Structures are given as C-alpha cells and as structure tokens.
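Hi everyone, thanks for making time this morning.

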Amino acid sequence: MTSANEQSISGNKWEPRIIAFFCNWCTYTAADLAGVSRIRYAPNARIIRVMCSGRIDPQFILDAFSRGADGVLIGGCHPGDCHYMEGNYKALRRTQLLKRMMKDMGIEEKRFRLEWISASEGERVKTVINEMTEQVRALGPLGLPEKFTEWDKELESLEHEINGKGDTVHA
Amino acid sequence: MHGNGHSGIIRIGFYVCHCGHNIASTIDVKSVADYVKTLPGVVVSCDYKYMCSDPGQELIQKDILENKLTRVVVASCSPLLHEHTFRTAVEKGGLNPFFFQMVNIRENVSWVHTDKNAATEKAKDLARAAVQRVISHKSLEPKHVKIRPEVLVVGGGIAGIHAALTLANAGKKVYLVEKNPTIGGHMAMFDKTFPTLDCAACILTPKMSQVKNHPNITLWTYSEIAKVDGYVGNYTITVKRKPRYINEELCVGCMDCIEKCVYKEGKTADEFNVGLSKRKPIYIPFPQATPQVVLIDRETCIEFKSGRCKKTCVEACDRKAIDFKQQEEIKEIGVGTIILATGFQTFDASKIPYYGYGRYENVYTSLEVERLVNASGPTTGEVILRDGRSPKTVGIIHCVGSRDKNTNRWCSRTCCMYSLKLAHLLKEHTNAEVYNFYIDMRTPGKGYEEFYDKLLEENVHFIRGRVAEVTDCAVRPDEEGKLIIRAEDTMIGIVRRVPVDMVVLAVGMEPQADAQDVRRMFNISCSTEGFFLERHPKLAPVDTFTDGIYIAGACQGPKDIPDSVAQAGAAAAQALTLIDSGEIELEPNTAYVVQEECSGCRTCLTMCPYNAISRDESKQKAFINEALCKGCGTCVASCPSGAIKQNLFEDEMIFSEIDGLLKAKLQECC
C-alpha cells in the first residue's frame, strides 16, 4: 500500500474498487430506486445480487479481497425486516467474526462494511457508497494480488538460493 | 430437485441494450459489445436499441436457433423489471429460461453515474461477470403453487369494504377482519364528503349493509390478525376475536341495555366522537354500526372491576344476549391472497404546541369538527364550542403536521379539500366569518377546483401564509376573550393577527401507530414515511414485493375516498387474476443438500426460519423440504462442508461473478 502502487501498470490513476453484495428485497431495490430517482454517486462499487444477506459466505468476501477488491460492502435489510425473517442476523454474526479475523490478517476495518439499507432508502445507497469510496481511497489500494505475486517471486528467489547452495551441502 | 448438469457446449449470446438514450447516452454500448465479443465462450455479441421490445426479443430467439446458443446474457435495465420478460423470450427460443443472466447497466450505472468512461468500464466489468457466471447455470424448472380461492381483507374502512364486495360479487369467499367493533373506518365519522357534499353515512351505510348480508363474506369485527404463516396461495391466518361479552347471534341492537345501565350517563371518552362526548361501559360505536351489536368495555364496566354490579343490562335484555363469561376466540383460516386496507391515523396536533391544541379549549382538529357538524354527533350538528358559545369567527389552519421538516414532510393530499368543505359547512351552520390559512391550494380532483371557486364566492376569507402561532394573549381590545392566529399574509407582505372564536387544525394523514407491527407480520415493506410500500409507484401501485399480498387505500399513502375505492378495486382485480389463473410460478431458487458431501454436523438444522431442513436419522444426513424452502440461502452459507447448494445462486456462480468483476484489475497488475 505504498504510493508506488497508486498507479497501476497501465498508468491510469488508481481508483478504489469496491465489491458490493446487495440483498434482493431491500438493498438491491434501494439501489434501483436510486437509479430511478437519478441520484448520482461514485462509480467505484460493483454490485452482486443475492436473495438475502444471509447467503453471503465469508469466503466470498475473502475471495473478493484476494482478487484485488479494495473494499467489500454488504447491504441487507434492517434488523427485524429481513424478507426471510432472520437472514440478516446470520449475516451480522458472520461479519462480526470475519472482522476480527481480518484485523489479524492486516486488512483495515474500514475496508469491510455491513450496512442496513431498506427498499425505500435510495439516498442512503448514495451516501454509503460515496462515504466508503472516500474512506477506502484514503487507505489506498489493498493490493493483495500484487502482494501475492511479490511473495511468490520472493519464494522463487529463495528457492533458487537454497537450491544453488544445496548442491554443495548434498554432495 | 436440483438442475441438470450444464451441457458441455458453451455458446453465449450477449446483448447490450441502448434503452433509447437512457443507457446509450452515458455508456458506449458498442465498445461494451466489442469487448464482450473477446471473452471466452461468447459467439454472438451485439447492441440493440430496445431489447425488451418484440424485435429485441425475436433477435434473441433467432440467434438461439441459428447460432445454437446455449447461454444468453442481456445487459440492460434491472432484473427486477425485465428478468421475467427475457427468460420468457429465451424459453420461446427453445432454450431453458434459466440459462439466462441479466446485467443491470441502467438503474445501477447509466442512471447514477455521470463519468462516461467510468460508467463504460463498470458496464464492461459487470458484463464480464455475468458472462462468466452464466457458464455455470443449470437448466431448471419453475415451481408451481396452487392458489386457494379464499381471500383475507384486513381493515373494514371504505377501501376494505369495496375490495371485499368486489371479490364477493365475483363469487369468491372473503374474510373481512376489522379491529374496531364496527366497519366503516374514518369515512363513517365524516359528515359530508367533498366535492359533491354527499352525506358520508348515506353513501357508506348501504355498502356496510351489503357486506353484512353478503353470503360470501364472513365479517369478523373487534378482531385482529395474530399470526400469518405460509406463502402465496396457501396462507394460514390466525385471527384473534376479542370478546364483546355479547352474543352476536342474539343481539338485535335495540340498545335497551345501554339505556338501563347502572351508569346514569357516560363517563368514558367516546372514541367515535373523538372524545367530544362520553359513553357508558356498555355501548355501540354509532347507531348504524355494522354489525349492529353492542359491546362491553371491561376496563370501565363495574361488573368486571368489582363483580358486584346489579347488572340491570342483563335484566333489560329480553334476548338474553349478554354473556360476561365470553372468552377470546382463536380462529384459524386458510386463504390464498391477502389485501391490506388498514387505513391511516390523523396527525397528533399536540405535537405542535404553538397551535394550542389541548391548551386552549376552542382549538379543534378537523376530525373533531366533522363530529360537531354531524347531525348524529355529540352536539346533534349544532356547532357549540367547549365553552358553550357558538362561534362568530373561525380560523382554519391548513397543513398541520404536513409539509414540515419538523413533523411529516409529505403533503397529506386531502386537507385542502376537507378544509374547504369544513369552511363551507361551518359557515352554513353558524354564518360565522371563516378564515382559511393556507400555503398552497391543492385541489386536483374532478370538480375540486370548481368547489374552491364556489367557496371563493361564499365570502370565505383566504390568507396565504403558514400560521406561526395561536395565542390568547390579547394586544388590542377586540382580541379579548378570543384566540389570535398570527400569520404572515404573504400576498400583502404583512404579519397579521386574526382574532377568532374557534380554531380548526387541518391535521395531516399518517400511517397507523401499529403499521410497523402489521407489516412485519405480513412480511411486506414500508417506505421511509411508514406507509406500506408498493411494488412500483406507477405501474404496480397496489402490489407489494410479497407475492399474494396487496395493499389498498390510505395505508399505502394519503388519499381521498375516490382514490381509495379505485385502489381497492385494483387490489381486488389483482387478487382475482391470481385466483382465477389457479396457480403461480415461483422462482426455483431453492436450496438442496448434496448428501454425499453432508457430514451430518447438524449446523444447518437451526438455520431455517421456515423449518425446511430436517435430519434423516437413517442416513444421518440433512434433508431440505423443497416445498417449504423460500430460497434465502442462509443454510448454504452456513454449511461447513459446502454440501448445501442453492439453485441459481450456487457458490460457483458467485465466485465467477467476483472473478469477472475484478479480472480487468487483476490483468493489469499480474
């Protein structure tokens, strides 16, 4: 997350990339409402639609980060309003645990956010996405794929070193 | 049942819609189509002006046939709008409709972003994600569910009554459940209705009577919905019938019991007269109440409080209808569709202390005035103030609680018209000078503007300005003993003090106090204001996001009687569509257990709110009942072995989407 990474290889200025998982009944509908109302917001989020925030497997979130997402947003119904009764509570429990794990992994807290947005809260979709985009922008790129590549290169060169010296040891 | 494994051959057809200018003016659709053409598996990639039109759909069908497509992706508007349209088109083309994926580049991109480059890049990412996802789609069959013909209508106001009658006349069995002891709602309290000045009771009571006598309607008043189970077409409703302590079958509404009650006069605030008069513990809401049966309020009845009443009411009843031992009754019914018509409540004027409601005795709400001018009201239609006088001057304040950031932001739609009506009625009854203080005059309906003209000719005074306060602090001699309304008259630019005898507050309409509880029970949504949320404000004003449940009347938003009746008819028509088609197609996004991978850990068993998951003890594995599964996917995410999968939302599909969304970025750096 150094300023060297602020420019991607193609030379374009880095823009935060946020993957958003929105539940069909509340948050996705709110995003549609924001569209219908022509509410403008930052283009940094990419929405994946699921039926319920309870469907969201922690693996999806980790996978998103590992593939280069700088932030992950989950949108669900307000507590008590889940279309499937309790799915959002399960999402809440899982995200609480995941947040603690991610802290240990060195991923900043502001990169992962759980928001309750109801079907009529088009404005809130804009507020949350804009806010999160700026917060992630301030944190800079997470750059996990780049790190993985770096680490792979490091391991490769270590291997070479070991193998090089190994000849004489094993002789 | 889970889908058949996807066929080995992947031939994807990709279509990006211009949607006229809606998408094309922001997104470079041609470059999106060109980009997608380069993706693995894509054999057709083109753009078209209006994909949802007939020629657009035919284009898909033609390509499926000629290009032997096995997958279709359309990038256009929201799937909530047209997913069904395109799935049907795909099916007509001969391909299983679930080999289709839709990309939202209108509501989620072109309508919300101004940066064309960013929008086009986003569209490409989303398209790529969909193209990758659709590869793992499987062929599926939609679930079909039978619809029971019975209907539940909740709320017996004008909307509920009209919906119930429409359905009953169509030959369907209707349960009409009303929480008050009588049907009629707010309309029964009104005196005359605008703009024709029809007597409200005269046009309402025949309908109420029809409801009572209709062979297809089961009318349960003084009853509430306790529980809602099931799903569209097969709801199981638990109704709690509160005890009146009167046998409904025996009571004929003669009201002798009320006459002979040990209370010589009423001591409890009469709800129907909005507290302007008092009633006894045994009472009937109003003489034409339907059903015409009295009831006993156990909070104030001496027999319930002490057990030692003379019970003169029992003596007086020659039908022996009074039953102090009556218990609450629980009824369970099965219905296929539900119409919610639970109405509104008026804004509580005491929330605006500077208008003096509750402090000054001659400040009234509009609903109270409806009862005052009503011939069957507490003063038999004479406008007599709380201090006994008849008013010589009246001030009517519009927009009380409405159009106000401090209380309710919305316009309550009916208040201008009913304020004009009350101005007319008050003038007619008292010949007083009437002043209407308004912000805008909203008279949009048929005959409404003409009604306003009539009022202008009747010498009612109109002052355009939001009232700042109502005070009794006299500054001049002619203000002594009066209530002074202070408002800026914006037409002439002066702050005026208008001394009046009576102040009428045109209170706004807001959702019922228990609206949140009701909507949670029925699993529908509310808007931020708290009114029930319609599926689409223009094209589906009476549908909700929950299949089989419709809304009508003021519970959906403030409106007058003609609009409430219109919506009630619309809701009844929607219910009839469902009932007469006999069955409904449900999305096959249910979860299933891959038994070979299930470890029997039991983690999923408690996850399901619908109890769809059970344990097969003989195999020691989990099993999901497809009929009960609603497709939320919570169990899918919880399974540590990954043994539970969800049709249409398999892990594989979502991982492909994530990959597709980030692929461009990945390629840049590594």
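**A salt bridge between chains**

Let's begin with A:R55, which forms a salt bridge with B:D651, with 2.7 Å between the closest N and O atoms. A:R55 sits in the loop between β2 and α2 (58–66) of chain A, while B:D651 belongs to helix α17 (residues 651–669) of chain B, so this pair joins two chains. Please keep in mind that this is a predicted model.

Are the two partners buried or exposed? A:R55 is buried, because its relative accessible area is 0%, under the 20% cut-off. B:D651 comes out as partly exposed, at 24%.

Over all chains, the count comes to 56 salt bridges. Let me pick out two more of them.

In chain A, the side chains of A:R113 and A:E131 meet in a salt bridge, at 2.8 Å from N to O. This pair links distant parts of the chain: A:R113 is in strand β4 (residues 112–116) and A:E131 in helix α4 (residues 122–139), 18 residues apart. A:R113 is buried, with a relative accessible area of 14%, whereas A:E131 is partly exposed at 36%.

Over in chain B, B:R241 forms a salt bridge with B:E248, the closest N and O atoms being 3.1 Å apart. Here B:R241 counts as buried at 12% relative accessibility, and B:E248 as partly exposed at 26%. Back in chain A, salt bridges that share partners join A:R113, A:E115, A:E121, A:R124 and A:E131 into one network.

Now for chain B as a whole. Its secondary structure comes to 17 helices and 34 strands, and its C-alpha trace spans about 90 × 70 × 40 Å along the principal axes. Of its 670 residues, 58% count as buried.

One buried residue there is B:E107, at 4% relative accessibility. B:E107 lies in helix α4 (residues 106–110) of chain B, and its side chain makes a polar contact of 3.0 Å with the side chain of B:R106.

Next, the surface. Which residues form a negative patch on chain B? They are B:E449, B:E450, B:D453 and B:E457. B:E457 is placed in helix α13 (residues 448–457) and counts as exposed, at 69% relative accessibility.

Chain A has a nonpolar patch of about 310 Å², made by A:L155, A:L158 and A:I162. A:I162 lies in helix α5 (residues 144–170) and is exposed, with a relative accessible area of 59%.

That's my tour, so over to you for discussion.

Definitions and conventions: Residues are numbered from 1 along each chain as its sequence is written. Chains are lettered from A and ligands numbered from 1 in the order in which they are written. This is a predicted model: local features need pLDDT of at least 70, side-chain atom pairs count only at pLDDT 80 or more; totals for chains, interfaces and linings use all residues. Side-chain values use heavy atoms; hydrogens and water are left out. Patches are made of residues with over 30% relative accessible area and no salt bridge: like charges are joined within 9 Å, nonpolar side chains (Val, Leu, Ile, Met, Phe, Trp, Tyr) within 5 Å. Accessible areas come from the Shrake-Rupley method with a 1.4 Å probe; for residues, only the protein chains shown count as cover. A salt bridge is a side-chain nitrogen of Lys or Arg within 4 Å of a carboxyl oxygen of Asp or Glu. Lys and Arg count as positive and Asp and Glu as negative; His and the chain ends are not counted. The place of a charge is taken as NZ of Lys, CZ of Arg, CG of Asp or CD of Glu. Helices (H or I, at least four residues) and strands (E, at least two) are DSSP runs, numbered from the N terminus. Buried means under 20% relative accessible area, exposed over 50%, partly exposed in between (1.4 Å probe, protein chains only). A polar contact is a pair of N or O atoms within 3.5 Å; within protein, one must be able to donate a hydrogen and the other to accept it, and residues adjacent in sequence count only if both atoms are side-chain atoms.
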